[in-house]
Amino acid sequence: MLVDKINAYLSTSGLEIPEAMRQEIAKLAVGSFASKFGLREERKQKTPYFSSIGKCLRAQAYDLLGFEPNGKEIDSRAKMIFFQGDMVELAVIQIAKLARCNIADCGLDQETLDYNGMRGRADGILILPSEERLLVEVKSMPSYRFEQLERGVIDDSYRYQCNAGMLAASLSRTVFVAMNKDSGVLHEAIIDRDSAICADIEKRLETLKTVSKETLPVRPYAPDAKGFYPWCCRYCAHFKTCLPNSELVLVKNAYKLKEKK
């Protein structure tokens with residue numbers, strides 16, 4: 001849908017980039033640079049996001065209840081990765097438009113969508129000649145995850161994000177475009193709206209509406225036989241609050257989160 005046209009466009013000498021598009025790209029790039037490396041605006045309204053709704057509910061509750069982050073910080077590496085993700089989205093969407101793909105609600109025209117208190121933005125809406133509208137999600141990912149995508153395996157967090165966006169936009173399909181960070185190769189997959197995932201999103205939203213500091217969601221992860229927690233706990237901004245009896249242990253060349261003896 002998108003990747004074939006993008007690759008065909010990139011295989012030619014290309015077309016002249018309209019001045020309006022140049023200005024839009026400049027504004028988007030500057031905005032991303034400022035938000036990632038400049039002063040970060042404090043979120044005024046605490047709400048669940050499309051990108052987080054499929055992840056740990058307890059971690060989301062800490063955010064919504066205003067707990068101070070006490071765990072993994074947004075370090076220099078994370079800032080670079082987030083900025084890279086913005087630039088991949090910017091390039092894919094704008095090149096797709098140059099390749100004559102009809103994409104609306106993207107770039108400076110992105111609108112914040114809301115569904116039952118959950119907020120987020122789609123990367124765009126692809127309008128087919130049949131007039132069907134598909135959500136567009138663009139991601140950059142490492143080789144191992146990209147190879148999984150090529151085999152048809154899509155991480156649940158991505159599936160939940162896409163289904164959240166489809167619920168909010170009243171759409172039935174998503175074209176999910178990924179770029180391999182290591183090779184620059186693009187691949188796409190179609191994600192159909194999943195009734196089971198949508199039902200679970202509804203349950204999660206209801207749970208988050210009623211949480212309090214005394215009624216936090218049950219911790220979904222436990223240490224393995226060796227006492228190590230999964231990687232997602234290690235990278236959680238609240239792991240010290242959630243797991244006060246844990247410590248970081250150096251294993252080979254990386255730190256892992258382990259239950260204290």
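Helices (H or I, at least four residues) and strands (E, at least two) are DSSP runs, numbered from the N terminus. The model is predicted: local features need pLDDT of at least 70, side-chain atom pairs count only at pLDDT 80 or more, and totals for chains, interfaces and linings use all residues. Residues are numbered from 1 along each chain as its sequence is written, and side-chain values use heavy atoms, with hydrogens and water left out.

Helix 4 covers residues 76-98. Its 23 residues reach 33 Å from the first C-alpha to the last. This is close to the 33 Å expected at 1.5 Å a residue, the expected span being 1.5 Å times one less than the number of residues. Burial was assigned from relative accessible area: buried means under 20%, exposed over 50%, and partly exposed in between (1.4 Å probe, protein chains only). The buried residues of helix 4 are A78, F83, V88, E89, L90, V92, I93, Q94, A96 and L98. They pack against helix 1 (3-10) and helix 2 (19-37), among other elements. Their strand partners are strand 1 (103-104), strand 5, strand 6 and strand 7 (186-192). Contact here means heavy atoms within 4.5 Å. After helix 4 comes R100, with a positive phi near 75°.

Helix 6 comprises the 14 residues 156-169.

Most residues other than glycine have a negative phi. S170 has a positive phi of about 55° although it is not a glycine. This residue follows just after helix 6, in the loop between helix 6 and strand 6. S170 is exposed, at a relative accessible area of 61%. K252, also not a glycine, has a positive phi of about 60°. K252 lies in the loop between strand 8 (246-251) and strand 9 (254-259). Its relative accessible area is 79%, so K252 is exposed.

Side chains of opposite charge can pair when their charged atoms come close. A salt bridge was counted where a side-chain nitrogen of Lys or Arg lies within 4 Å of a carboxyl oxygen of Asp or Glu. By this rule there are eight salt bridges. One of them joins R173 to E132, with the closest N and O atoms 2.8 Å apart. This pair links distant parts of the chain, 41 residues apart. R173 sits in strand 6 (residues 173-180), whereas E132 is in the loop between strand 4 (124-127) and strand 5 (133-141). R173 is partly exposed at 22% relative accessibility, and E132 is partly exposed at 27%.

R145 pairs with D155 in another salt bridge, the closest N and O atoms being 3.1 Å apart. The partners are ten residues apart and again link distant parts of the chain. R145 belongs to helix 5 (residues 143-150), and D155 to the loop between helix 5 and helix 6. R145 counts as buried, at 16% relative accessibility. D155 is partly exposed, at 31%.

D75 and K72 form a further salt bridge, with 3.1 Å between the closest N and O atoms. D75 has a relative accessible area of 29% and is partly exposed. K72 is partly exposed at 22%.
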